[in-house]
Amino acid sequence: MAATAETKGPSTLRNAFGGVLGVFILLLIGVLAFSIRLFSVIKYESVIHEFDPYFNYRVTQYLTKNGIYDFWNWFDDRTWYPLGRVIGGTVYPGLTLTAGSMWWLLNSLNIPLSVETVCVFTAPIFSANAAWATFLLTKEVKGTGAGLTAAVLLAMVPSYISRSVAGSYDNEAVAIFALVFTFYLYIKTLNTGSLFYATLNALSYFYMVCSWGGYTFIINLIPMHVLLCILTGRYSSRLYIAYAPLVVLGTLLASLVPVVGFNAVMTSEHFASFLVFIIIHVVAFIYYIKGILSPKMFKVAMTLVVTIGLAVSCAVIAIFIALVASSPTKGWSGRSLSLLDPTYASKYIPIIASVSEHQPPTWPSYFMDINVLAFLVPAGIIACFLPLSDASSFVVLYLVTSVYFSGVMVRLMLVLAPAACIMSGIALSEAFDVFTRSIKLQLPNILDNPPDAGDMNSVSSIAQNDASKIDSHATTKSETVSKERPSRKNRKKEKEKEKENVEKVPSHSENKKRLLVLPLEASAVAILLLIVLGGFYVVHCVWAAAEAYSAPSIVLTSYAHDGLHVFDDFREAYAWLRHNTDVDDKVASWWDYGYQTTAMANRTVIVDNNTWNNTHIATVGTAMSSPEKAAWEIFNSLDVKYVLVVFGGLVGYPSDDINKFLWMVRIGGGVFPHIREPDYLRDGQYRIDAQATPTMLNCLMYKLSYYRFVETDGKAFDRVRRTEIGKKYFKLTHFEEVFTTHHWMVRIYKLKPPKNRIRGKLKKPKSSSKSSSSNHKRAGNTQKNPWQ
Amino acid sequence: MAKSTSSDAQMLIRSLRTAYAATPTNLKIIDVYVVYAIVTAVIQVVYMGVVGSFPFNSFLSGVLFCVGTAVLAVCLRIQVNKENKEFKDLPPERPYADFVLCNLVLHLVIMNFLG
């Protein structure tokens, strides 16, 4: 009794110390996750990045200014002119509501942060939350040590950093946290079988549906896992409690979000969950009947049921298949289809194919984005199989599916990141477990008697005997051991020494499992190498965060021989628009710049990044690809006053509109057949030099980009395309230049009003005849201009 | 062949009935509640077939609520059933409290969605 009391005292103290250390480590992980994302704020300024975050920022501004009811019913008439956009019904409200409520809470506590500051720092805060959620999830799968390792890996993984730096105010910033947290609650329900956690799981799934369109990943992965458990014979009542309430509550909650609405019950993305819902009820019923009947009667029941049930279910399935097959896309949405069949988008929906983040990733991007984790993941998969539990099979399934999807679209590397971190955390934790155990068991032998080279066998055999004694302790004290493992300080060695002195107490000798014990030097070297590996990972992550992923892309910098050059042309152009045009003036540009124009310049745009109306975008694309007069007609019919083009030829900015021109032609030609792509190609290439086709040299995009370009250096050398342009001296007849930014990156033109008097041949004064004569001038088999 | 199957069926039904009669009363009450919920759902579906599916959100909320409360009652039954070894060490009030909480959330959602 005294001996056990003795062990109880130090062990509870050790437990308490381990708990405090764990909490402290988690706090540090949160601080790390927050601070590694602040490079862009330090290097540039606290500004919103890219394109999509500007839309979210504008919506959040509206929400904070007008309140939630106006936000819910908001019809935006300043984009997609003249169609407008129903914001309340087409936006995923999770991010804006989160940031809005944070702003409201801070302001009600009299901390006067501006909306922009809250928006910029939402992503780092939620990445800290995501790291803690990863800790909770991995703790449910494998234990606290694996949890802490996975959390610290996720805090730094470059793929997640790329979408959640300070300023990247996009859906993924909160969605990844919601994803991991939902998975954690699902696994917790699976492990404990408590309805309370099932309710929380449904509510967390609701938050995920509010935040991101990727929620379909959850509602298909969880049924897949349930099916896997049933098929591998791991059905239990906890599985039923984990899954069935989630489906019902989850479907209801998903229908509450206006973006999803009735899609929650009518699109094919959700049918998997309903199918598995039916299957799990059938399986549960079978198990119940098996429980109350005798085996003979159960066999009779089975034969009866199988014959009748098979006939009925065949009929039902036939009806269902007929219903689904009647829709042309079999009920799936375009984006989901392009995930399942990677070639779908390039064949049918060029807009989806044109977005750069929808392209498949290259091999180097795996090593850039998840670095060292790429080869720790297979070790983690193996570690999950010994032993295999419901939770570890779920994590393996999550990893496999996310690897497939990350191979389809580079943007989905983000979904792979948490899975890779969990797997690597498990692998690293198991490796440390083995190595430190080897050192711990062999260290007293080294300390008591000096090491003898030939004695290694006896040492290892003694170590194995000790291992079987220690194992029974280890099963009870696994929590404390795993808590102390990730400290990675020298304190660990001394603590293990004092633990050995305590653990010489006679053991219970319950399960004498033979544990793996490696030679001492090998384990010491291996631990050192693992720490070096972690060091490489940290160095790479910090480099990636600082150099590769912190660019706000609204401000560009370059290092020339005379120091740092800052290109702030975009904001210069939007500010000019804001101050020098009327509030109701319409601005036309390619859809990339729509969100920024409405948010920063506060002017109505024709198309923006939402890309929900392909024909409208094709209209703008056709206008950009047409000669001046036809383009003027198109823009005039849309009430456009100003046209904005981005031109990178003077400074060498490669993402300008001339490089995007092929998409304008393709998308425009997809809807209006008079735009033919071969007209713009010479030898299969888009060229703007002397070899360019006349159609290319006459189109609006060429003219607006290169107007007066020859005045810059006398030779009109385009730094991006690296040639001199074809047509250098020309005048604009229907547009006039009103503003060009400092580095010629953004050029704004105004539509000239139609002339009062027409010189030359007498033409009928009606505008319809003017367009019909212009149509006559074109080639014979063209379509009539649809706006006249 | 048919006679043996029909006699098999009768034996099956009889044995089912005797086995079910042995379940304790509180479980039978929960079972009655489940059957009631499912019947209500079926009635709503039939009504929808007769009258048409507008407004669809009200139909969905009604049917899914019945199915949902049936599922929750089944979960309650699983946790209250004394033969289930996994839930032996739960305090007896816990399953009922969870059931009430989950139903509360379900009611909230339904009332919002009913329109």
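Two residues are said to be in contact when heavy atoms of theirs lie within 4.5 Å. By this rule, 35 residues of chain A are in contact with 37 residues of chain B.

**Chain A as a whole**

Chain A has 788 residues, of which 52% are buried. Its secondary structure comprises 35 helices and 13 strands. Of the contacts that join residues at least 6 apart in sequence, 73% link residues at least 24 apart. The chain exposes about 35300 Å², and 63% of this area comes from carbon and sulfur atoms.

**Confidence**

The mean pLDDT of chain A is 82, with 84% of its residues at 70 or more.

| Stretch of chain A | pLDDT | Contacts in the model |
|---|---|---|
| Residues 451-512 | below 50 | 73, beyond near neighbours in sequence |
| Residues 768-781 | under 50 | eleven, beyond four places in sequence |

Where pLDDT is low, the predicted coordinates should not be read in detail.

**The interface with chain B**

Between chain A and chain B about 3000 Å² is buried, and carbon and sulfur atoms give 82% of that area. On the chain A side, Leu195(A), Leu252(A) and Phe262(A) lose the most area to chain B, together 20% of what that side buries. Several helices of chain A, including H11 (195-211), H15 (271-292) and H16 (295-325), each supply at least two residues to the side that touches chain B. The largest share, 13 residues, comes from H13(A). Three residue pairs are in polar contact across this interface, while the count of salt bridges is zero.

Notes
Residues numbered from 1 in each chain as written. Chains lettered and ligands numbered in written order. Predicted model: local features only at pLDDT ≥ 70, side-chain atom pairs only at ≥ 80, totals over all residues. Heavy atoms only, no water. pLDDT = per-residue confidence, 0-100. Helix = DSSP H or I, 4+ residues; strand = E, 2+ residues; numbered from the N terminus. Buried < 20%, exposed > 50% of the residue type's maximum accessible area, 1.4 Å probe, protein only. Areas by Shrake-Rupley, 256 points an atom, 1.4 Å probe, with all protein chains shown as cover. Buried area = accessible area lost by both parts, 1.4 Å probe. Salt bridge = Lys/Arg side-chain N within 4 Å of Asp/Glu carboxyl O. Polar contact = N/O pair within 3.5 Å; in protein donor to acceptor, adjacent residues only side chain to side chain.
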